[in-house]
Amino acid sequence: MQIMLISDVVYFLSNPINLAFTAVSVIGSIIAAAFLIKMKNLSSNKKIFLAYAHIFLLIFPVIFFVFSMGCTAIYNSCSKLHAIFYIAVLAGIAAFLAGIFVAPFAILRFYSKNSTLITERKISEFADEHSKKMGIKKPEVYLLNSSKPKAFSFRAFGGKIFVSMGMADLLTKKELEAVLLHEMAHLSNKASLFRQLVSITKLISPLTYFATLKKELKKEELAADGFVCRIQRASKYLNSAKGKVNKYNYIASILNPKLS
Amino acid sequence: MGKRIYRNRFPSVLSPLEADVLKLLWPDRSMKVKQIYDQLKPKRKVALSSVAVILDRLHDKNVVERKIETARGGFRYIYTPKKDKKEFEKSVVDDVVNQLIEKFGSSAVSYFNERFSRKR
């Protein structure tokens, strides 16, 4: 069985087009990983893009190989060039879908390495109280060891919220609560999974950047903001938090573009 | 010409706000962002975000170190200077001299020799 697999791989790579696809894909994957590891000051969006690019390019040759070896019927019914084209497209789609499922694990692992789970009583009680009211599972709140003010959530894996030290340094208690409530609103909103998929797809394929999708994302942000205002009975804490974060990013971009 | 060299060649020299922040941290004090901001506010026009950015810059320049402190239900970075004032000034002078020698080579070396022999 192992010998058959090795001979299949050798046969597959003996085709120059297959070899070219595989080599370009593997090299691209290594380059994406190298950028992700070496360039620490990239924005979150760029890091997510590189993580997806790395996974996609790594999986692509494997799926391409599997489809090539399995599609003998296609080889019989149309020219070899047609077959290779369709197999490449199918492999691309499969790698992309696999990436969507695998990448959140990779991204989460990446952020978890630089974070600690907050077990502090007041924050834990806050998350518990509001998650019960919202009818969602109590999310785990992580403290991200980063001076840049940021907060984001992952709906997958039972709900996780990441808040950076930079956020904790800048905001008052009420402002931080507003941010936590905002992220919890995203977790409770069933459209949040769509939001994550859209934002990730948008990074990989610029063609999916339709105005309608942008509207949906904005609607969800406004819904989360509205939720915070209803719970806190005021918009000033959330507005103040956003103002401080925007000011930080603006000043950072002027003083040192690397920090923004 | 001198000012251009100063800005472009010596990035390790501090900006006015960086200098003010470090003056508060020297000698060997540990402070949070908010504490530094509260002390600077009466003396100059400054925003909390600016102080946070400046401390981050100083951390990237390896001038200050930071650790996380948990207190009263919150989390904050505590910043401490890595070197005292004298050590820092020495390192800046060292850096400047090295850059001058790198840029001007033997001209810089002979200037220093001349200058220090004259002082004697």
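This is a predicted model: local features need pLDDT of at least 70, side-chain atom pairs count only at pLDDT 80 or more; totals for chains, interfaces and linings use all residues.
1. One facing pair to pick out here is E69(B), which stands opposite R76(B) in β3(B).

2. Now widen the view to the whole sheet. It is open and has three strands in chain B, ordered β1-β3-β2, with antiparallel pairing. The edges are taken by β1 (31-32) and β2 (64-71) of chain B, and each has a single partner strand, so one side of each is left without a neighbour in the sheet. As background, strands in a sheet pair through backbone hydrogen bonds, whether parallel or antiparallel.

3. Something also packs over those strands. Helix α4 of chain B, covering residues 48-60, lies across β2 and β3 of chain B. Relative to β2(B), helix α4 runs at about 125°.

4. On to chain A, which has eleven helices and four strands. Of its 260 residues, 42% are buried. As for how the chain contacts itself, take the contacts with a separation of 6 or more: 61% of them are between residues 24 or more positions apart.

5. Which helix gives the most to the nonpolar patch? That is helix α1 (residues 2-14) of chain A, with three residues.

6. Take L13(A) on its own for a moment. Is L13(A) buried, partly exposed or exposed? Its relative accessible area is 30%, so L13(A) counts as partly exposed, given that the partly exposed class lies between the under 20% of buried and the over 50% of exposed.

7. Last, I31(A), which belongs to helix α2 (residues 16-38) of chain A. With a relative accessibility of 44%, I31(A) is partly exposed. If you want a distance to check in the viewer, go from I31(A) to L50(A): the C-alpha atoms are 9.2 Å apart in space, and the two residues are 19 apart in sequence.

Notes
Residues are numbered from 1 along each chain as its sequence is written. Chains are lettered from A and ligands numbered from 1 in the order in which they are written. Side-chain values use heavy atoms; hydrogens and water are left out. Helices (H or I, at least four residues) and strands (E, at least two) are DSSP runs, numbered from the N terminus. Buried means under 20% relative accessible area, exposed over 50%, partly exposed in between (1.4 Å probe, protein chains only). Contact means heavy atoms within 4.5 Å. Two strands pair if DSSP finds at least two bridges between them. Axes are lines fitted to C-alpha atoms, for helices over the stretch in contact, and angles run from 0 to 180 degrees between N-to-C directions.
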